[in-house]
Amino acid sequence: MTVSTPAKKDPGIQTTVDGGFGRRSIGQRLIGANTFWIALVLLALVIVFTAIAPAEFATLFTFQTLLIETSVLLVLSVGMTFVIITSGIDLSVGSVLIFAGMVAGKTMEALSPDGDATKAGWGVITAGLVAAVVAGTIWGLINGFLIAVANIPPLIVTLGTMGAALGAAYLLNNGSDVRSVPTELNKTLGYGTSFGGVPNLVLVAVVITLIGAWLLHTTKFGRYTFAVGSNAEGARRAGIGVTAHLLKVYTLTGFLAGIAGFLSLAYYASTTISAHTTDNLNAIAATVMGGTSLFGGVGSVLGTVIGVFIPAVLKKGFNITQVQDFWQMIAVGAVLIAAVWFDQRRRRRRNSR
């Protein structure tokens, strides 16, 4: 006689009243997703500002500048998505971006005659890119080692490296910005366009975002990221090398911060230290607004993309309609709190089943 045993319920699979797994309709799953609601918020903002100022807001130039202005933050936020899904945090990405840009700028100056890199060619520019990526990756490795191996809380580690990376950036050029940036880099990557007017800076950010989405949602690396964030001890017992994986995730975030630093250098033709001091908070806010849970185990790159554009659209819309920037801070804060509240409510509802 065969005795059947009830199937164990996977907490990651939603169930219906009749006990079937994954039987909710596409519409039900869509409405229950954080990404759906935050996308509605973004769409509503676009509609409102278009209705208020159609001649100024709903233009190709406005959307081009929106895309350009969000490109660097989007690259940072893709890395932040992986970190927060693992139930971690990285407060250092803004400072690492500044440090990487500074290293790239100083490298290109060192390889140029008389220290003037404005006329440098692509050989020097490539060296600057490699230097930025290596600099960012090293800080990511430091964060990963202290968090995963030394078992120091991510908040403490990245708070410390945030200050250390920024201080190191100031030391490299005696507290001032590097302004000797190759004109070719600024003209081609910073302001150049392809495919009939698409900014090259945006194309690079899109490619990185697509790779990040592929890595998170279709590979073993992505599955391990969700597993570690959902239950680190359970993932360890399932044979996942949690320590090694966390080291990789923070290294990836540092790598992307290095790329973001180089992109910023290309766009502004300067390291612009003061312009990036809140990038870490902006990346965290965008990621959380996009539906990535601060408790770990939940998130998507698509949601992060939407989360990046909400404050950008608010800022652009308020500027066009001549509303004070202070209201943007209030509006972004309200959306951020609402996103966290919605996530907590959803988690409580799921755990009560």
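1. Accessible area here is the Shrake-Rupley value for a 1.4 Å probe. On that basis the protein, a predicted model, has an accessible surface of about 17,400 Å², and carbon and sulfur atoms hold 67% of that surface. Of its 353 residues, 47% are buried.

2. The secondary structure consists of 15 helices and two strands.

3. The unreviewed UniProt entry lists residues 30-52, 72-99, 120-142, 148-172, 193-216, 249-269, 281-314 and 326-343 under "transmembrane region". Two of these ranges can be set against the model. Residues 72-99 are 75% helix and 0% strand, with 15 Å between the end C-alpha atoms. For residues 281-314 the figures are 68% helix and 0% strand, with the end C-alpha atoms 17 Å apart. The UniProt annotations may be inferred rather than shown by experiment.

4. Just after H12, the backbone at Ala 269 takes a positive phi of about 55°.

5. A polar atom of the Asn 186 side chain lies 3.3 Å from the backbone oxygen of Tyr 267. Apart from neighbours within four places in sequence, Asn 186 is in contact with Tyr 191, Ala 266, Tyr 267 and Ala 269. Ala 269, one of these contacts, is the residue with positive phi just after H12.

6. Seven aromatic pairs turn up in a search of the whole structure. In one of them, Phe 49 and Phe 57 have ring centres 5.7 Å apart and planes at 40°, so the pair is tilted. Phe 49 is buried at a relative accessible area of 5%, and Phe 57 is buried at 1%. Both rings belong to one aromatic cluster, formed by Phe 49, Phe 57, Phe 63 and Phe 318.

7. A further pair joins Phe 82 and Phe 221. Their ring centres are 6.0 Å apart and the planes stand at 50°, so this pair is tilted. Phe 82 lies in helix H4 (residues 60-85) and Phe 221 in helix H10 (residues 220-230), so the pair ties together parts that are 139 residues apart in sequence. Are the two residues buried or exposed? Phe 82 is buried, with a relative accessible area of 1%. Phe 221 is buried as well, at 18%, because the cut-off for burial is under 20%.

8. Leaving out residues up to four places away in sequence, Phe 82 touches Gly 212, Leu 215, Leu 216, Phe 221, Thr 225, Val 249 and Leu 252. Phe 221 is thus listed both as a contact of Phe 82 and as the partner in the tilted pair. Phe 226 is 144 residues from Phe 82 along the chain, with 8.6 Å between the two C-alpha atoms.

9. Asn 174 is not a glycine, yet has a positive phi of about 55°. Asn 174 lies in the loop between helix H7 (154-172) and H8, and counts as exposed at 75% relative accessibility.

10. The other is Gln 322, also a residue other than glycine, whose phi is positive and near 60°. Where does Gln 322 lie? Its place is the loop between helix H14 (301-320) and helix H15 (325-351). Gln 322 is exposed, with a relative accessible area of 74%.

Note on methods. Residues are numbered from 1 along each chain as its sequence is written. This is a predicted model: local features need pLDDT of at least 70, side-chain atom pairs count only at pLDDT 80 or more; totals for chains, interfaces and linings use all residues. Side-chain values use heavy atoms; hydrogens and water are left out. Helices (H or I, at least four residues) and strands (E, at least two) are DSSP runs, numbered from the N terminus. Rings of Phe, Tyr and Trp (its six-membered ring) pair if their centres lie within 6.5 Å; planes under 30 degrees apart count as stacked, over 60 as edge-to-face and the rest as tilted. Buried means under 20% relative accessible area, exposed over 50%, partly exposed in between (1.4 Å probe, protein chains only). A polar contact is a pair of N or O atoms within 3.5 Å; within protein, one must be able to donate a hydrogen and the other to accept it, and residues adjacent in sequence count only if both atoms are side-chain atoms. Contact means heavy atoms within 4.5 Å.
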